[in-house]
Structure formats: structure tokens, C-alpha cells
Amino acid sequence: MTTRQKTINLVIHLEGGLIHAVYTDSPLNIRVAIQDLDVEGADLDEIATFPDGTEFVGSIQSAIFNSMCIDEVFSALDSSFLTESKTADPQQENYIKMHAKFCPNCGSANIESYGAMEADGDLAWSHVTCANCSSTWQDNYRLESFSDLNATALKVIKSDSERGYWSNGQGWVFDVASATKFSISRLSLYLPAASAMDAEYIPLSDATDYIPNEINGLFAFWGWKSE
């Protein structure tokens, strides 16, 4: 994948001086090397050495794509940073203001997209050409939301003896969120094994979590449904 994002923003999240995560607003695979020249108190297996013998404590972090985090942090620190990254120059700002209906080079409305739109994650892009000046460029899009969902009824597999719901990936789980959801039109005749042979399909809307509560070293479970 290629990207024409002019500015890649990073947020390094620390707690108590320790780096917990690195976030980015770019879909690229970004690795960040953390370097601390203060090696006092560090364990030997935490210390790296330059060819000249200089020691440092470091680690390599892979940046996690989280555009919401980037926007929130940069907005809180300096709103001009966020504005600059989204509207890099007047030409970009005018193109967006005119809803991409005119060539950013000559201003002609005789433009058209060619080829299929491509997408990666919540980003999409298409290639555009101007018949007037022969300029070409790439329109970039970001997923904002979905609409007109025509949701089908779903069911989950419940077992009181297993105190939970069936997950194809995890087996029996106590929370509804982790359970596998099945379309009514694709229900299997075969149910997973349960100790009391009580596995059954129930409507997703009727499912409530089994919440564990530790009492004297044993776990008791109650159904719980948030209002």
C-alpha cells in the first residue's frame, strides 16, 4: 500500500515513566526505537551497546493505529497541529471545500475517477484524472460510519451447566460479547458438548452474562443484565 499522507503523527503513552504504547494515525507499519542513555540501575539484559561502546537502555515498539487517540491528544495539546495535518495547504483546503468536484491544478470540472477504489482498514483511495490539463491525483477517504443496516436476528448457544455461552474460538465463555453469534438461517443441528447436555440456542437479545463472584475460593455465577 502507498500513502500520500504528508504528516504522520505519533503519541507515546507513558505511565510512571514507562512506555505502555505508541499510537499513530498512519496505516503504515511503523516501528519506534526507544532510547534512554541513563543506564543506572538497569539490568544487563536491558542494555544495548553502540559500536563505539556507548551503552543505553532501549526497546522497539510497533505503533498501533488509533486515529481517535491521535486526534484527541493533538487537539488537547495544540489544535493548530491537527488543523495543519488535515489541511496542509490552501490548495488542499479549497479542494475539500469544493467537495472534490474540480481539478486542483486547473480548476476544470471535467474530471473523472478511473480504476477501482482501493481500501485498507478504515482508509480508501481512488485515482482521478483531469481531461482538461491531463493532471492526475489520488483522492483519499476515511471511514466515518455506516448506515441503513438491515440487521438479521441472531442466536447464541447457552449452557447453564457450563455456566456460559459457546465461542467457536474459545469454547465456553461467560460473557455474551465473546460468544459466537449465529444467523437464524444458518443454525447447525449439532450443538457443542455440555456436561448436562443442556446446550441450546437462545435469541441474542435474551442472553445475559454469567458474572463470576469468588466466595471462599469457589466461584458462583449469576445471570446479569445491564439495564
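Residues are numbered from 1 along each chain as its sequence is written, and side-chain values use heavy atoms, without hydrogens or water. In this predicted model, local features need pLDDT of at least 70 and side-chain atom pairs count only at pLDDT 80 or more, while totals for chains, interfaces and linings use all residues.

**Overall**

The protein has three helices and 16 strands. These are DSSP runs numbered from the N terminus: helices are H or I with at least four residues, strands E with at least two. Of the 227 residues, 23% are buried, meaning under 20% relative accessible area with a 1.4 Å probe, protein chains only.

**The sheet**

Strands S1, S2 and S6 form an open sheet in the order S1-S2-S6, with mixed pairing. Two strands pair if DSSP finds at least two bridges between them. S1 (10-15) and S6 (64-65) are the edge strands, each pairing on one side only. S2 (residues 18-24) runs parallel to S6 over two bridges. Thr 24 has Phe 65 in S6 as its bridge partner. Helix H1 (residues 67-77) lies across S1, S2 and S6, at about 80° to S1. That angle is taken between N-to-C directions, from 0 to 180 degrees, using lines fitted to C-alpha atoms, for helices over the stretch in contact; contact means heavy atoms within 4.5 Å.

**Cysteines**

The whole structure has zero disulfides, a disulfide being a pair of cysteine sulfur atoms within 2.5 Å.

Terms used
Buried means under 20% relative accessible area, exposed over 50%, partly exposed in between (1.4 Å probe, protein chains only).
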